[in-house]
Amino acid sequence: MTFSAQLLEWYQQNKRDLPWRRSKDPYLVWLSEIIMQQTRIAQGLPYYERFAHEWPTVEQFAAAGEQQILKMWQGLGYYSRARNMHEAARTIMEEHGGAFPCTYDSLRSLKGVGDYTAAAIASIVFGLPHPVVDGNVIRFMARLNGIGEPADLPATKRLILDIATRLIEPNKPGDFNQAMMEFGATVCTPANPGCTGCIFNSSCVAHDRGLVDMIPARVPKPPVKLRYLHYLVITFADNTGNHIFLNKRSGNDIWRNLYDFPQMDQAGGMGESGPICVEAGGVEEPGTGYEGQFRKVLQSDRVEYLGVSAPYTHLLSHRKLQVRFYRFHSAEKVDLPYMAVPLAELGQYPLPRPVEQYLKENSLLFP
């Protein structure tokens, strides 16, 4: 039996029942692929189900507001995925008449659609023999063929792509690609792979040579940089109720178009759309003089300082944030260049994870 036949037989017997595998709708397949990028299935599945329920067609998704989409995406991280998908959906409606592109090249031209996503949609939905190469496939093929070069190198990925191109089942390319990914995700796993029960262990070079734990090699990642972020959480009361000041992020960073709070910069002023955080070595730990400094910035003696939070640690792919929240309240509206949002409406806004966490823990965020 050929490799492809063995793999497809294994897949039919062992594949997980996932909702996007029950559909050939290109929009739903695309939605699943974008959500599951850099996301575990257990975490991504509820998001997929909510998105598919709220916007079941590409037309409805394209017509949605970005704020709605970012709010629904909140907690998944890598928000550019959501923004790019929204832009691509609008392109499909405006330039393709609502018809989903059906070739690899036309799919690849959509915003945020790379080689992997284009190959996945082309094969699963349209039956085109384009192999997918993701982390699961690279690990599986590298071990099977004894490829010891670092998996992150472009040359390694090209080699794996060549191998997968030769192996792909032309009559069932979608099932083949899903089987490759499924095998890597459930059997040929990064740690503690199931080599004993693996149907390919007798032909696996890494298993034969005792190199499973060493393949694929990886280029060491640069050290994660520590950054400090200092937020001013300012509420005030008027005759309509309690309000809070929000800042819409406009910079070209990972939190673009999300909402956070005014923040202290290194010069001791409030930044509107500056960097996501201050560098290590800037303002770090709270101490004496902070209350007076903030009062000066707020330009009001009626602002009550309620204290500072413990640091919230938030990990990103390339940095670690230490976030503190400085709490203020005023019996009258303070004149600041930020959005004054009723506390009861705060839950409508997409927020970065540490901001959402702080608000929930301090009973400021309502469902």
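Helices α8 and α11 pack at an angle of about 130°, with their axes 7 Å apart. The two helices are therefore oblique to each other, and α8 passes α11 in a left-handed crossing. Keep in mind as you look around that this is a predicted model.

**Where α8 meets α11**

- From α8 (115–126), the residues Y116, A119, S123 and I124 take part in the contact.
- On the side of α11 (173–186), their partners are P173, G174, N177, Q178 and M181.
- Sorted by class, this contact has five nonpolar and four polar residues, and no charged residues.

**Where α5 meets α6**

- Helix α5 spans residues 66–73 and helix α6 spans residues 80–95; they pack at an angle of about 140°, and their axes are 10 Å apart.
- That angle makes α5 oblique to α6.
- The crossing of α5 past α6 is right-handed.
- On the α5 side you will find E66, I69, L70 and W73, which meet R81, A82, R83 and H86 of α6.
- By class, four nonpolar, one polar and three charged residues make up the contact of α5 with α6.

**The loop between α5 and α6**

- Q74 has its place in this loop, and Q74 is buried because its relative accessible area is 8%, where buried means under 20%.
- Setting aside residues up to four places away in sequence, Q74 touches Y47, Y79, Y349, P350, L351 and E356.
- Y78 is found in the loop between α5 and α6 as well, and at 38% relative accessibility Y78 counts as partly exposed.
- The phi of Y78 is near 45°, which is a positive value in a residue other than glycine.

**Helix α2, a buried helix**

- Eleven of the eleven residues of α2 (residues 26–36) are buried, so this helix is largely enclosed by the rest of the structure.
- To trace the helix in the viewer, follow its buried residues: P26, Y27, L28, V29, W30, L31, S32, E33, I34, I35 and M36.
- These buried residues pack against α3 (41–54), α4 (58–63), α5, α6 and α8.
- Just after α2 comes Q38, with a positive phi of about 60°.

**Other backbone features to look for**

- As background, most residues other than glycine have a negative phi, and most peptide bonds are trans.
- N192 is not a glycine, yet its phi is positive, at about 50°.
- You can find N192 in the loop between α11 and α12, where N192 is exposed, with a relative accessible area of 73%.
- I215 and P216 are joined by a cis peptide bond, with omega about 0°.
- P216 is found in the loop between α12 (205–209) and β1 (225–238).

Notes: Residues are numbered from 1 along each chain as its sequence is written. This is a predicted model: local features need pLDDT of at least 70, side-chain atom pairs count only at pLDDT 80 or more; totals for chains, interfaces and linings use all residues. Side-chain values use heavy atoms; hydrogens and water are left out. Axes are lines fitted to C-alpha atoms, for helices over the stretch in contact, and angles run from 0 to 180 degrees between N-to-C directions. Helices (H or I, at least four residues) and strands (E, at least two) are DSSP runs, numbered from the N terminus. Angles under 35 degrees count as roughly parallel, over 145 as roughly antiparallel, 65 to 115 as roughly perpendicular and the rest as oblique. A crossing is left-handed if the near helix is turned anticlockwise from the far one by less than a right angle, and right-handed if clockwise. Contact means heavy atoms within 4.5 Å. Ala, Val, Leu, Ile, Met, Phe, Trp, Tyr, Cys and Pro count as nonpolar, Asp, Glu, Lys and Arg as charged, and the others, Gly among them, as polar. Buried means under 20% relative accessible area, exposed over 50%, partly exposed in between (1.4 Å probe, protein chains only).
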